[in-house]
Structures are given as C-alpha cells and as structure tokens.
Amino acid sequence: MAKKAKKIWLPSTTKKPKPQVPEDEKQLVLQKCNELIETEFKPKYIESPPTDNDWNYRVDIFGKWYRNYFYFCSIFNCPSPRAISPSFESKFARLEYVGKDCFNVAYMRHTEQWWEILQGLSLEECLSELKINPVLQP
C-alpha cells in the first residue's frame, strides 16, 4: 500500500484590499452617469402606467455609490392587488472602481449574479458602452 503524503499547514494568502474611491472621482462619476441617465435612459425606458394592473412598470432610473461600486438602478411600481410590495428596486449595471479613471463593467444576470464583461475601461468608454450594449441597459 502506498504511503499518503504528509499534510502541511501553510498561511492563507491575504486578499488585496479594494481601492478607496477619492471623493472628487465619486462626484465626477455621479455627475456623468446622471447626465447619461437623464438624457438616454429616462426618455427611452420610463413607462407610463399600464391599463392592465397585473404588470409592473418602471417609474425611475438612478445611480448610487456603494463602497467602490457605482450601481445603475430602476424602480418598478407594482399596481396589482396581489403584489407583495407597492414598488421595488432592481440593479441592472455596475461600474467597479479599480484605479484612477479605470473601471470594470458588469451586468446583473437572470441568475441574480453580477457578470463582469469589460475590464480596465476609462469612464468615457464605460458611458459609451452603456449607451450601445443592450445587456447593460435597463
């Protein structure tokens, strides 16, 4: 019978900490993304209330920071009498801050998991990608 190899305890590697977003960078991203939301997303995707009360409809689109992520979110109203709540929030795209004017872009899959599709883009490249890529739109 063959001998088993000895097990050796090794220290685990530490995770590299995520970079902190400078306040001026946060304000710039917020301003540019709000412009995109107001000029592109809201006119195209905000819906009027349906005549049939069984369907949810989008009433607002906004962006917000959480740690080193900037999220694009939608608010939906639920007019149905069987609705669990009168409205809910749904995130559809995410910019991850990874360095000075460098972002990773992800979208929310149907499995409720973030799927990163682009890495190392500048803010302007991210915004143009949000305009043209259908998986990043609400």
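Is Lys 64 buried, partly exposed or exposed, and what is its relative accessibility? Lys 64 counts as partly exposed because its relative accessibility is 30%. Buried means under 20% relative accessible area, exposed means over 50%, and partly exposed lies in between (1.4 Å probe, protein chains only). This is a predicted model: local features need pLDDT of at least 70, side-chain atom pairs count only at pLDDT 80 or more, and totals for chains, interfaces and linings use all residues. Residues are numbered from 1 along each chain as its sequence is written, and side-chain values use heavy atoms, with hydrogens and water left out.

**Salt bridges**

- The structure holds 7 salt bridges. A salt bridge is a side-chain nitrogen of Lys or Arg within 4 Å of a carboxyl oxygen of Asp or Glu.
- Helices (H or I, at least four residues) and strands (E, at least two) are DSSP runs, numbered from the N terminus.
- Glu 89 counts as partly exposed because its relative accessibility is 39%.
- Glu 96 forms a salt bridge with Lys 18, and their closest N and O atoms are 3.3 Å apart. Distant parts of the chain are linked here too: Glu 96 is in strand 3 (residues 87-99), while Lys 18 is in the segment before helix 1 (23-45), 78 residues apart.
- Glu 96 has a relative accessible area of 10%, so Glu 96 is buried. Lys 18 has 47% relative accessibility, so Lys 18 counts as partly exposed.
- Glu 124 forms a salt bridge with Lys 32, with the closest N and O atoms 3.5 Å apart. Glu 124 belongs to helix 2 (residues 123-132) and Lys 32 to helix 1, so the pair links distant parts of the chain, 92 residues apart.
- Glu 124 is partly exposed, with a relative accessible area of 47%. Lys 32 is partly exposed, with a relative accessible area of 26%.

**Arg 58 and Ser 74**

- Arg 58 lies in strand 1 (residues 57-66). Ser 74 is found in strand 2 (residues 69-77).
- A polar contact of 3.1 Å joins their side chains, those of Arg 58 and Ser 74. A polar contact is a pair of N or O atoms within 3.5 Å; within protein, one must be able to donate a hydrogen and the other to accept it, and residues adjacent in sequence count only if both atoms are side-chain atoms.
- A polar atom of the Arg 58 side chain also lies 3.4 Å from the backbone oxygen of Tyr 45.
- Arg 58 counts as buried because its relative accessibility is 8%. Ser 74 counts as buried because its relative accessibility is 2%.
- Beyond neighbours within four places in sequence, Arg 58 is in contact with residues including Tyr 45, Ile 46, Glu 47, Phe 76 and Pro 138. Contact means heavy atoms within 4.5 Å.
- Ser 74 touches Asp 60, Phe 88, Glu 89 and Pro 138, among others, not counting residues up to four places away in sequence.
- The C-alpha atoms of Ser 74 and Leu 121 are separated by 24 Å, and these residues are 47 apart along the chain.

**Cysteines**

- A search of the whole structure finds 0 disulfides. A disulfide is a pair of cysteine sulfur atoms within 2.5 Å.
- Cys 33 is in no disulfide, and the nearest cysteine sulfur, that of Cys 126, is 8.2 Å away. Cys 33 counts as buried because its relative accessibility is 0%.
- Cys 78 is in no disulfide either; the nearest cysteine sulfur, that of Cys 73, is 16 Å away. Cys 78 counts as buried because its relative accessibility is 12%.

**Surface patch**

- Trp 115, Ile 117 and Val 135 make a nonpolar surface patch of about 250 Å². Patches are made of residues with over 30% relative accessible area and no salt bridge: like charges are joined within 9 Å, nonpolar side chains (Val, Leu, Ile, Met, Phe, Trp, Tyr) within 5 Å.
- Ile 117 is found in strand 5 (residues 114-121). Ile 117 counts as partly exposed because its relative accessibility is 31%.

Conventions
Accessible areas come from the Shrake-Rupley method with a 1.4 Å probe; for residues, only the protein chains shown count as cover.
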